[in-house]
Amino acid sequence: MTTETPTPAEPAAPERPDDHHDYVHGYSQTEAQRLGDQADTLAELLHAGTAYPAGSRVLEAGCGVGAQTVHLLAANPGIRLTAADLSAESLQRARARVAAQAPAADVTWHHGDLHRLPFPDASFDHVFLCFVLEHLPDPVAGLAALRRVLRPGGTITVIEGDHGSAFFHPEGPAARRTIDHLVRLQALAGGDGLIGRRLHPLLTAAGFARVSVRPRTVYADGARPALVEGFTLRTFVAMVESVRAEALAAGLTTPEDFDRGITELRRAAGPGGTFHYAFFEAVAVRPRS
């Protein structure tokens with residue numbers, strides 16, 4: 001069962017210039033596929049320990065194409081989920097994904113900005129967001145807006161990556177420069193590709209309490225071929241490769257050096273190669289007073 005959120009009685013506030021931040025990876029079908037591959041490969045790693053009782057009112061802020069939504073629904077049967085995103089195109093893809101994989105789920109869809117959600121205070125028991133804060137120019141403001149719609153005593157779960165945690169063998173200087181181009185482009189778009197290390201201070205600054213952060217590490221080598229294919233190649237290398245045109249347009253690199261970096265990165269997925277990356281999961285509570 002899927003529904004749309006009702007239109008608010010009051011007109012929406014005027015949009016702020018920084019609300020429509022650029023999603024550095026774009027909205028192509030290739031990117032949607034990459035997000036799906038990432039979610040499927042990392043479902044057990046990222047969703048372990050996230051358990052919501054049946055009947056809980058859960059908000060997924062920034063649901064994107066629904067890559068995490070279907071895993072959230074599978075791990076928490078019976079929740080009443082509201083999935084919200086700024087992109088109408090992404091929401092359309094999310095609805096199709098959920099209709100195909102979880103047709104009986106109770107999902108309400110909302111197209112809008114998480115800074116101005118049209119829900120009353122304390123509307124949700126839990127808030128979940130994954131790979132969202134990294135794209136916000138002001139993550140503390142975004143978290144504070146989500147705290148408003150969370151009931152006192154309710155929890156927020158935040159999952160983010162940190163591109164600075166990527167290390168690999170064989171190491172290559174061009175590969176490292178290419179990853180740095182992605183970090184720089186995200187910063188130019190108003191985001192932070194190194195945000196994983198900042199979750200505790202960000203949630204604390206936004207007024208949450210009992211903040212607990214733990215790393216969720218991915219390590220792939222020749223003994224883990226599924227992770228080599230699903231994460232090293234189809235998630236991380238594909239993510240870096242997707243910003244080639246933007247890196248060239250910004251004058252950060254040359255075609256030869258960027259392509260050399262991708263070639264070096266791919267060696268981590270070859271014979272004798274290894275790859276490491278850390279995600280960070282934070283869980284916090286809205287104080288009761």
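Biologist: Is Arg 216 buried or exposed in this one?
Modeller: Buried. This is a predicted model, and Arg 216 comes out at 6% relative accessibility, which puts it under the 20% cut-off for buried.

Biologist: Which side chain does Arg 216 meet in a salt bridge?
Modeller: That would be Glu 281, at 3.0 Å from N to O. Arg 216 sits in strand S8 (residues 209-220) and Glu 281 in strand S9 (residues 274-285), so the pair ties together parts that are 65 residues apart in sequence.

Biologist: And Glu 281, buried or exposed?
Modeller: Glu 281 is buried, at 7% relative accessibility.

Biologist: Which side chain pairs with Asp 162?
Modeller: Arg 197, in a salt bridge of 2.7 Å, N to O. Asp 162 is in the loop between strand S6 (150-161) and strand S7 (167-169), while Arg 197 is in the loop between helix H5 (173-188) and helix H6 (199-205), so this bridge ties together parts 35 residues apart in sequence.

Biologist: How do those two compare for burial, buried or exposed?
Modeller: Asp 162 is buried, with a relative accessible area of 3%, whereas Arg 197 is exposed, at 52%.

Biologist: Where do Arg 93 and Glu 89 lie?
Modeller: Both are in helix H3 (residues 88-101), four residues apart, about one turn of the helix.

Biologist: Why would residues four places apart on a helix point the same way?
Modeller: An α-helix has 3.6 residues a turn, so residues three or four places apart point the same way.

Biologist: What's the accessibility of that pair?
Modeller: Arg 93 is partly exposed, with a relative accessible area of 24%. Glu 89 also counts as partly exposed, at 39% relative accessibility.

Biologist: Changing topic: how many residues does H5 have, and what does it reach from end to end?
Modeller: H5 has 16 residues and reaches 22 Å from its first C-alpha to its last, close to the 22 Å expected at 1.5 Å a residue. Gly 190 follows H5, and its phi is positive, near 95 degrees.

Biologist: Which residues of H5 are buried?
Modeller: Ala 174, Ala 175, Thr 178, Ile 179, His 181, Leu 182, Val 183, Leu 185 and Gln 186.

Biologist: What do they pack against?
Modeller: The buried residues of H5 pack against S7, helix H7 (225-241), helix H8 (244-249) and helix H9 (255-266).

Biologist: One last residue. Where is Arg 148?
Modeller: Arg 148 is in helix H4 (residues 139-149). Arg 148 is partly exposed, with a relative accessible area of 30%.

Biologist: What is Arg 148 in contact with, neighbours within four places aside?
Modeller: Leu 117, Phe 119, Pro 120, Asp 121, Ala 122 and Arg 286.

Biologist: And how far apart are Arg 148 and Phe 124?
Modeller: They are 24 residues apart in sequence and 9.5 Å apart in space, C-alpha to C-alpha.

Note on methods
Residues numbered from 1 in each chain as written. Predicted model: local features only at pLDDT ≥ 70, side-chain atom pairs only at ≥ 80, totals over all residues. Heavy atoms only, no water. Helix = DSSP H or I, 4+ residues; strand = E, 2+ residues; numbered from the N terminus. Buried < 20%, exposed > 50% of the residue type's maximum accessible area, 1.4 Å probe, protein only. Salt bridge = Lys/Arg side-chain N within 4 Å of Asp/Glu carboxyl O. Expected span 1.5 Å × (residues − 1). Contact = heavy atoms within 4.5 Å.
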